[in-house]
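Subject: Structure for your review

Dear colleague,

Please find the sequence and the structure below. My notes on what was found follow directly after them.

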Amino acid sequence: MTNADSPPLQHLLEARFSDADQLNSAEFDNDVLRNLAAHGSCRAFRDTAVPTDLQDVLCAAALATPSKSDLQQRDIVLLRDPGRRAQLAQLVAGQEWVAGAPLIAVFCGNNRRARLLHKMHDIPFANDHFDAVFNAAADAAIALAAFVSAARSVGLGCCPISAVRNEAAAVSDLLGLPAHVFPFAGLAIGYPAGETHITKRLPLSVTCHVDRYAEEGVESAIHAYDADRTAAHPYRTQRLSESLGISDTYGWSMDKARQYSQPERADFGAYIRARGFSLE
């Protein structure tokens, strides 16, 4: 079934990908695919509470998703208390819009329960290496993505907050996270105060591969993507303009190169080790 009021799936895909005209999506058009294709991050919310019953249902839907080996290594912490939301907003400096979200959820990787199972059954834990962190993070990411899609399907807007990892130790203290549990990402949730827009993505030819990875023509494709995206939604500011100057051709590729020209979360490995993980 499809919602007759929403744009066709093909229209949404072509708004997102420059080479989506090669797709033949009409026979597969449905509300679920339209919801995914129409995704847009929301950073402005109405002053309307998200019903607690709906919060609980969305959490259940998100946690119904696949989990590595059924280990279920993800938790969701809902910040319903305005004071705690304000504290979290202070920890994610430079993202003032977070304070205006009626609800914030923090998705956590949880390797603690797996270790508890070994203690319960007196069986040695033999997977104390990097994979323990990787699996828990992947579980949290799957749940986060599902929550966003479920929330959009009932009229809510969302925006992930990766900056919770900038102050991972302080966020852990705020949430009372024990050893072997870590914040993966926050999520601002609420009813949108305005329309969200579709952000163009890299062409499917760059990011979707058949049988084997390929990179032929990737630089020219990125340059074309830069121009296409800048024409639709130019950047309002340029990163590190004081040291790297102002560019007349500033686009996605330059923005991302400038972003990662400075270290981000360089202390996260030390934080993870302090939570009791071995990264060997």
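Which residues of H9 are buried? They are Ala221, Tyr225, Asp226 and Arg229, where buried means under 20% relative accessible area, exposed over 50% and partly exposed in between, computed with a 1.4 Å probe on protein chains only. Seen down the axis of H9, these buried residues fall within an arc of 145°, so they line one face of the helix; the arc is that of the directions from the helix axis to the C-beta atoms.

Two remarks on the source apply throughout. This is a predicted model, in which local features need pLDDT of at least 70 and side-chain atom pairs count only at pLDDT 80 or more, while totals for chains, interfaces and linings use all residues. Residues are numbered from 1 along each chain as its sequence is written, and side-chain values use heavy atoms, with hydrogens and water left out.

Helix H9

Helices (H or I, at least four residues) and strands (E, at least two) are DSSP runs, numbered from the N terminus. Helix H9 comprises the 15 residues 218-232, which at 1.5 Å a residue should span 21 Å, and the 21 Å between its end C-alpha atoms agrees with this. The expected span of a helix is 1.5 Å times one less than its number of residues. On the other side of H9, Glu219, Ser220, His223 and Ala231 are exposed. The cover over the buried residues of H9 includes helix H8 (204-207) and helix H11 (252-259), contact being defined as heavy atoms within 4.5 Å.

In helix H11 one finds Lys256, which counts as partly exposed at 30% relative accessibility. Apart from its neighbours within four places in sequence, Lys256 is in contact with Tyr235 and Arg239. Lys256 and Arg239 are 17 residues apart in sequence, and their C-alpha atoms are 9.0 Å apart in space.

Helices H4 and H7

Two packed helices are described by the angle between their axes and the distance between the axes. For helix H4 (residues 82-91) and helix H7 (residues 168-175), the axes come within 10 Å and cross at roughly 175°. H4 and H7 are therefore roughly antiparallel to each other. The axes are lines fitted to C-alpha atoms, for helices over the stretch in contact, and angles run from 0 to 180 degrees between N-to-C directions. Angles under 35 degrees count as roughly parallel, over 145 as roughly antiparallel, 65 to 115 as roughly perpendicular and the rest as oblique.

H4 contributes Arg84, Gln87, Leu88 and Leu91 to the contact, and H7 contributes Ala170, Val171 and Leu174. These residues divide into 5 nonpolar, 1 polar and 1 charged. In this scheme Ala, Val, Leu, Ile, Met, Phe, Trp, Tyr, Cys and Pro count as nonpolar, Asp, Glu, Lys and Arg as charged, and the others, Gly among them, as polar.

Within H4, the buried residues are Arg85, Leu88 and Ala89. Viewed down the axis of H4, they fall within an arc of 105°, so they line one face of the helix. They pack against strand S1 (74-79), strand S2 (103-110) and H7.

Leu175 lies in H7 and is buried, with a relative accessible area of 15%. Its contacts, leaving aside neighbours within four places in sequence, are Val77, Leu79 and Val106.

Gly109 has its place in strand S2 and, at 0% relative accessibility, counts as buried. Not counting residues up to four places away in sequence, Gly109 touches Gln73, Ala136, Ala140, His180, Val181, Phe182 and Phe184.

Most residues other than glycine have a negative phi. His180, however, has a phi near 70°, a positive value. His180 is located in the loop between H7 and strand S4 (181-190) and counts as buried at 14% relative accessibility. Asp211 also has a positive phi, near 75°. Asp211 sits in the loop between H8 and H9 and, at 83% relative accessibility, counts as exposed.

Helix H1

In helix H1 (residues 9-16), Leu9, Gln10, Leu12, Leu13 and Arg16 are buried. They cover an arc of only 160° around the axis, which puts them on the same side of H1. Helix H2 (31-37) is included in what covers them.

With kind regards
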